[in-house]
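Please look over the model below before reading on. The notes after it are grouped by topic.

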Amino acid sequence: MSINKRSSIVGVSLIAASLLLLQGCANKVAYQDATEVETTTIDFGSTDLQQIAAKMVDSVLTFPPIVQVTSERRPVMFVDKIKNKTTEHIDTESITDTISTRILRSGKFRFVDMTKVAEVREQLAFQNEGGMVKRDTAAQVGRQIGAEYMMYGNLSSIVKKSDDVKDVYYKFTLKVMHLESGIVEWSDEKEIRKQREKSLFGM
Amino acid sequence: MKCRNGFTRVLASLLLMALLGGCSTSGIEAIGRPDAAEVKKHLLIHSDALANKITISDMRTRETAGLLEVSLTLSNLTSSDKSVAYRFSWFDADEFEVEAGTDAWTPVNLHGAQSISVQGVAPNGSVKSYRLNVKGQ
């Protein structure tokens, strides 16, 4: 076999080997069901958020004193921040967004969005004082509806670790207060406990 | 004569026991057969491996503040543990799915022959019927 022929065979083999290696390292992206049970890590995840939201919405909508109020009218509520008392970084606004969206879509409550007050004020000023909007089409200032109820709560956790096991317990508490009287009309909790065990070879 | 009376009594007891045995139900019948029409209507099992191994019973509904509320019993018919996930699907009067894909799968570990209570509340007042979806984790 000539030297040229041998070196070309070696070259082709090298290219084929590198192609195989590169293929082995390639990333694979696939869409998944957003409502699927997710257990990638023990940290707070989408399944925890969805379970908390489902429990809270079902509970508030079927609590007898709340049922009595919502069967006659659609009270206005505002959502306060959920205190994150865990050691993890958790976007608690995302939990309240899911809860308030589901409650709103049930047709039982209406909401005022306190995160948009500055933008609404700016728009009302533009319509009423800017001189660019027809007077009879401008939204009037001072006509907004005040919230009757406030929703608030907190998320706490207890984490315990040993060499082989990590145990995380989450407790989400949510309350609805009648603003005028200061009475807490409804409250409920959702507990979640997850455990991660190291496999035999620590993988 | 005494002997004949004793024989008659034993025969009567055996007959009674046979009759009572005929009236009793097996465990599955008491829970609700997976192939029963009412179970088929409200239960959809997404995994072949779980077919005829998981069933529902005691399906009850009521309306709370105009929302359909469902309560049922989810049972493991086998003697081994089953890790399953369930979620409700909700349908309006025209059998259109309401708020499709918003209910999340809830994981649950069912021990051998264990039954648990499962409850759900419809997302809005247009819901008229429901289905429980079950699959393996």
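Leaving aside neighbours within four places in sequence, Val134(B) is in contact with Leu43(B), Ile45(B), His46(B), Leu50(B), Ile54(B), Val84(B) and Tyr86(B); contact means that C-beta atoms, placed from the backbone, lie within 7 Å. This is a predicted model, in which local features need pLDDT of at least 70 and side-chain atom pairs count only at pLDDT 80 or more, while totals for chains, interfaces and linings use all residues. Residues are numbered from 1 along each chain as its sequence is written, and chains are lettered from A and ligands numbered from 1 in the order in which they are written.

**Core**
- Val134(B) is also among the residues that touch the most other members of the largest nonpolar core, which has 53 residues.
- Such a core is a set of buried Ala, Val, Leu, Ile, Met, Phe, Trp, Tyr and Cys residues joined through C-beta atoms within 7 Å; buried means 20 or more other C-beta atoms within 10 Å of the residue's own.
- Helix H2 (residues 46–62) of chain A gives the most to this core, with eight residues.

**Chain A**
- Chain A has five helices and five strands, which are DSSP runs (H or I, at least four residues; E, at least two) numbered from the N terminus.
- Of its 203 residues, 18% count as buried.

**Sheet of chain A**
- Five strands form an open sheet in the order E2-E1-E3-E4-E5, with mixed pairing; strands pair if DSSP finds at least two bridges between them.
- Strands E4 (residues 165–178) and E5 of chain A run antiparallel and are joined by 14 bridges.
- Lys171(A) stands opposite Glu191(A) in E5(A).

Methods:
Buried ≥ 20, exposed ≤ 12 C-beta atoms within 10 Å, placed from the backbone. Contact = placed C-beta atoms within 7 Å.
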